[in-house]
Amino acid sequence: QRQLVESGGGLVQAGGSLRLSCAASQHTFSPYAMGWFRQAAGKEREFVAAIWLTASSTYYASSIKGRFTISRDNAKPTVFLQMNSLKPEDTADYYCAARTGPTSYSTNFYAPGNYNYWGQGTQVTVSS
């Protein structure tokens, strides 16, 4: 079964940085897009960033734009989320997602329902 495996979460002070990684556990897994979502305690899951792998287009939530960067490893379906200038409000469980269905410029990359594979999540805690 295809799986996404996240790594890189942890505890960091405000203003610090973390780099999250998401790798597919099967080499035959070929998503068209991959993204990151997060869910803080008591809140709904929210979009963070996504990358359309075919077009190398990136998408960001306004709350993290300029601080977070999503990137890819061209050798395999792996994406990274570089998080800089972290704030306490960035504290959440971060989930990697992948979309294997048809993808185009009309795809809503921001909606979690448009991704059909999810990782188990990695916890990010930012202390003040």
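The report goes from the whole chain to single residues.

This is a predicted model, in which local features need pLDDT of at least 70, side-chain atom pairs count only at pLDDT 80 or more, and totals for chains, interfaces and linings use all residues. Residues are numbered from 1 along each chain as its sequence is written, and side-chain values use heavy atoms, with hydrogens and water left out.

**Whole chain**

The chain has eleven strands and zero helices; both are DSSP runs numbered from the N terminus, with helices being H or I of at least four residues and strands E of at least two. Read from the N terminus, the order is β-β-β-β-β-β-β-β-β-β-β. The radius of gyration is 14 Å, close to the 14 Å that the globule rule gives for 128 residues, so the chain is as compact as a globular protein of that length. That radius is taken over C-alpha atoms, and the rule is 2.2 Å times the number of residues to the power 0.38. Along the principal axes, the C-alpha atoms fill a box of roughly 40 × 30 × 25 Å.

Of the 128 residues, 43% are buried. Buried means under 20% relative accessible area, exposed over 50%, and partly exposed in between, with a 1.4 Å probe and protein chains only. Among contacts (heavy atoms within 4.5 Å) with a separation of 6 or more, 59% are between residues 24 or more positions apart.

**Disulfide**

The structure holds one disulfide, defined as a pair of cysteine sulfur atoms within 2.5 Å. Cys22 and Cys96 form this link, with an S to S distance of 1.9 Å. The two cysteines are 74 residues apart and connect distant parts of the chain, Cys22 lying in strand E3 (residues 18–24) and Cys96 in strand E9 (residues 92–99). The angle about the S-S bond is -80°, which makes the link left-handed. Both Cys22 and Cys96 are buried.
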